[in-house]
Amino acid sequence: MNLELSEEQEDVRRLAEDFVAREVAPHVVAWDRAENVDRSIVKKLGSVGFLGLTVPEEYGGSGGDHLTYCLVTEELGRGDSSVRGIVSVSLGLVAKTIAAWGDEAQKRHWLPGLTAGEAIGCFGLTEPGTGSDAGNLATKAVRDGGDYVINGSKMFITNGTWADVVLLFARTNDTPGHKGISAFLVPTDAPGLGRRTIHGKLGLRGQATAEVVLEDVRVPASALMGPEGKGFSIAMSALAKGRMSVAAGCVGIAQAALDAAVGYAGEREQFGRPIAGHQLVQELISDIAVDVDAARLLTWRVADLVDRREEFATAASKAKLFASEAAVRAANNALQVFGGYGYIDEYPVGKLLRDARVMTLYEGTSQIQKLIIGRALTGVSAF
Ligand SMILES: Cc1cc2nc3c(=O)[nH]c(=O)nc-3n(C[C@H](O)[C@H](O)[C@H](O)COP(=O)(O)OP(=O)(O)OC[C@H]3O[C@@H](n4cnc5c(N)ncnc54)[C@H](O)[C@@H]3O)c2cc1C
């Protein structure tokens, strides 16, 4: 097995690294304090092709394989998880899902704008009353002539206030559980669709997270994506690939924690020598390094499986579970290396820890990943 990147993959990785150094790193602290990433970043991400990775070029995408997508996601996560999340959701959960499940008209209508960064997508699955138990969601879409009329609300929606389109999951019949759920592409300027920014997040402060409320929102039947009743399968297939993207972002966080810890340990002196020379500090740093390598290898394995069109969902759950927990550990260890300075936001590690913390929660909590992995191993569902 060859774990070396091809020249093309390495070029794109370096492009992402340079992009972060130029367009993201100088603003990270200010965006975090202001609770607002500058929205112009979306156009910039689009113009370098990062919002079109793996999407076919005929729909405006920049093509490429999933390992390249993970490399870019890692570099963005290393720079700022709020920016990484914009890509993971607008491209990873929305555009890629439209490319996989949309009809020709839906692909032609939405993909060129989403991949160019002229439009933004958000993914509307979670509701105030249903998170892990998404199959019991309550939002309803009722057929009315040639339209559907949608009522309900969606919670914690990344890109929610910025988005032009919601990939929305709603119940289209009274069958309980996941069988009655369908997927819709709902423009956010549809009358009756309201959005409220959620402030006060522990991390990902720069990201536009919102509650989306739908009151008698009318969409034409052509907004239905995929067959009626297939919405839950569509959501789960999107999330399986999404977990690979979250895992890659977590590798970026852990790598940033490692870089920061090594750099600081070499400069900071206590007891007459750099703290890097103290064995217990080396232990903290080596623990971070092992987490980085293990998380990256698990993530690359998922990308490889996806690119070879093999079953990847369980591997994605393993990668997401390990990488998200590893990112929290790594950022926490790095903060320890920084001592008291790590607790102040002029230094990067506190933000890494705050941003990492949500990774074990969204796109399926760590507990849910364990149930998915357990089900695959035993053949018994504990849901
Ligand atoms: C910043 C942020 C951004 C988000 N972005 C999006 C987005 O763009 N789109 C979207 O649709 N959602 C989004 N989410 C929602 C996210 O996916 C949910 O928060 C997550 O799925 C967990 O759901 P919950 O918060 O309702 O927790 P709950 O499901 O209520 O879980 C609470 C606790 O119970 C545990 N638990 C639940 N069921 C079980 C079980 N069967 N066995 C063992 N333990 C269990 C959980 O692991 C957790 O520890 C986002 C959330 C956040 C915080």
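This is a predicted model: local features need pLDDT of at least 70, side-chain atom pairs count only at pLDDT 80 or more; totals for chains, interfaces and linings use all residues.
Local features here need a pLDDT of at least 70 and side-chain atom pairs count only at pLDDT 80 or more, while totals for chains, interfaces and linings use all residues. Residues are numbered from 1 along each chain as its sequence is written, and side-chain values use heavy atoms, with hydrogens and water left out. Helices (H or I, at least four residues) and strands (E, at least two) are DSSP runs, numbered from the N terminus.

**Stop 1: the nonpolar cores**

Select Ile41, Leu45, Phe123, Phe169 and Val337. These are the residues with the most contacts inside the largest nonpolar core, which has 101 residues. A nonpolar core is a set of buried Ala, Val, Leu, Ile, Met, Phe, Trp, Tyr and Cys residues joined through side-chain atoms within 4.5 Å. Buried means under 20% relative accessible area, exposed means over 50%, and partly exposed lies in between (1.4 Å probe, protein chains only). Helix α7 gives the most to this core, with 21 residues.

Stay on Val337 and show its surroundings. Leaving aside neighbours within four places in sequence, Val337 is in contact (heavy atoms within 4.5 Å) with Ala261, Tyr264, Ala265, Ile275, Val281, Leu284 and Ile285. Another core, of 19 residues, lies apart from the largest one; among its members are Ile150, Phe184, Val219 and Ala223.

**Stop 2: aromatic pairs**

The structure holds 7 aromatic pairs. Rings of Phe, Tyr and Trp (its six-membered ring) pair if their centres lie within 6.5 Å; planes under 30 degrees apart count as stacked, over 60 as edge-to-face and the rest as tilted.

Select Tyr148 and Phe184. Their ring centres are 4.9 Å apart and the planes stand at 70°, so this pair is edge-to-face. The pair links distant parts of the chain, with Tyr148 in strand β3 (residues 147–158) and Phe184 in strand β5 (residues 181–187), 36 residues apart. Tyr148 and Phe184 are both buried.

Next, select Tyr264 and Phe338. Here the ring centres are 4.2 Å apart and the planes are at 15°, so the pair is stacked. This pair also links distant parts of the chain: Tyr264 is in helix α7 (residues 231–267) and Phe338 in helix α9 (residues 313–338), 74 residues apart. Tyr264 counts as buried because its relative accessibility is 11%, and Phe338 counts as buried at 4%.

**Stop 3: charges over rings**

A charge sits over a ring if NZ of Lys or CZ of Arg is within 6 Å of the ring centre and within 35 degrees of the ring normal. Select Lys96 with Tyr69: Lys96 lies over the face of Tyr69, at 4.3 Å from the ring centre. Then select Arg329 with Phe322, where the charged end of Arg329 sits over the ring, 5.5 Å from its centre.

**Stop 4: Leu71**

Leu71 lies in helix α4 and is buried, with a relative accessible area of 3%. Not counting residues up to four places away in sequence, Leu71 touches Leu5, Gln9, Arg13 and Trp300.

**Stop 5: two positive phi values**

Most residues other than glycine have a negative phi. Select Thr54, in the loop between α3 (40–47) and α4 (66–79). Thr54 has a positive phi of about 75° although it is not a glycine. At 17% relative accessibility, Thr54 counts as buried.

Arg309 is in the loop between α8 (279–307) and α9. The phi of Arg309 is near 55°, again a positive value in a residue other than glycine. Arg309 counts as exposed, at 79% relative accessibility.

**Stop 6: Pro128**

Pro128 is placed in the loop between β1 (121–124) and β2 (140–144). With 53% relative accessibility, Pro128 counts as exposed. Its contacts, not counting residues up to four places away in sequence, are Ser153, Met155 and Glu211.

**Stop 7: the lining of the largest pocket**

Finish with Thr126, Leu361, Tyr362, Glu363 and Gly364, which lie nearest the centre of the largest pocket among its 48 lining residues. On a 1 Å grid over the protein atoms alone, a pocket is an open set of points where a 1.4 Å probe fits, with protein on both sides within 12 Å along at least five of seven lines; lining residues have an atom within 4 Å of a point. Helix α7 gives the most to this lining, with 6 residues.
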